[in-house]
Amino acid sequence: MTWRWRALRLAALVCAIVLTGGCASSADEPPVPTISGSKDARGHDPCMLLTAEQAGGFGLAGPGQASRAQEGPRCAWRGPGGATLTLTLYTDGGGLGTLAANSEPTTTRVRIAGYPALETFTGHGEFCQYDVGVAANQVVTAAAQAMAPDSCTALQAQLPTILGNLPAAGG
């Protein structure tokens with residue numbers, strides 16, 4: 001059992017014990033922190049956020065397949081052994097605050113490359129997703145499945161470079 005899974009189980013137990021005393025509900029969630037070094041994801045093609053070299057770092061090859069998700073433009077890459085990576089640009093909604101308010105109870109707040117993010121994963125890291133707030137109302141969602149050594153470790157290693165491929169806000 002990983003330390004994240006243990007911490008998650010402990011947090012769930014504490015929330016269950018003090019439920020009437022105050023595990024925060026979505027209405028009580030603290031505001032999303034100010035984002036410094038904002039990026040501008042509007043109008044960008046998520047397939048262009050991952051270079052061929054970066055795809056190789058994930059063990060993926062070939063160009064990504066563009067599609068449209070409810071949140072916005074999406075690109076998916078597939079690799080051997082069922083490995084997948086998707087990048088989605090959510091720029092026409094409430095941003096990270098909206099996603100946080102509607103997230104699963106197991107979602108945790110983290111920072112990726114200095115940006116506020118939401119982390120959702122399965123127990124052994126088979127699936128991992130980061131919703132990264134790159135500007136006040138803009139989020140880059142990166143989801144990986146069946147990556148080595150685990151999907152969260154793979155995303156944590158590559159996401160700073162992927163986010164670096166976005167232009168600075170106002171630039």
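Biologist: Which residues touch the most other members of the largest nonpolar core?

Modeller: This is a predicted model, where local features need pLDDT of at least 70, side-chain atom pairs count only at pLDDT 80 or more, and totals for chains, interfaces and linings use all residues. Residues are numbered from 1 along each chain as its sequence is written, and side-chain values use heavy atoms, leaving out hydrogens and water. A nonpolar core is a set of buried (under 20% relative accessible area, 1.4 Å probe, protein chains only) Ala, Val, Leu, Ile, Met, Phe, Trp, Tyr and Cys residues joined through side-chain atoms within 4.5 Å. The largest has 33 residues, and those touching the most other members are F58, L85, V132, L155 and L159.

Biologist: Which element gives the largest share of this core?

Modeller: Elements are DSSP runs numbered from the N terminus: helices (H or I, at least four residues) and strands (E, at least two). Strands 2, 3, 5, 6 and 7 each give two or more residues, as does helix 4 (151-164). The largest share, six residues, comes from helix 4.

Biologist: Which residues is V132 in contact with, leaving aside neighbours within four places in sequence?

Modeller: Contact means heavy atoms within 4.5 Å. V132 is one of the core residues that touch the most other members. Its partners are I112, Y115, P116, A117, Q138, V139, V140, L159 and L163.

Biologist: What percentage of the residues in the protein is buried?

Modeller: The protein has four helices and seven strands. Of its 171 residues, the buried share is 39%.

Key. Buried < 20%, exposed > 50% of the residue type's maximum accessible area, 1.4 Å probe, protein only.
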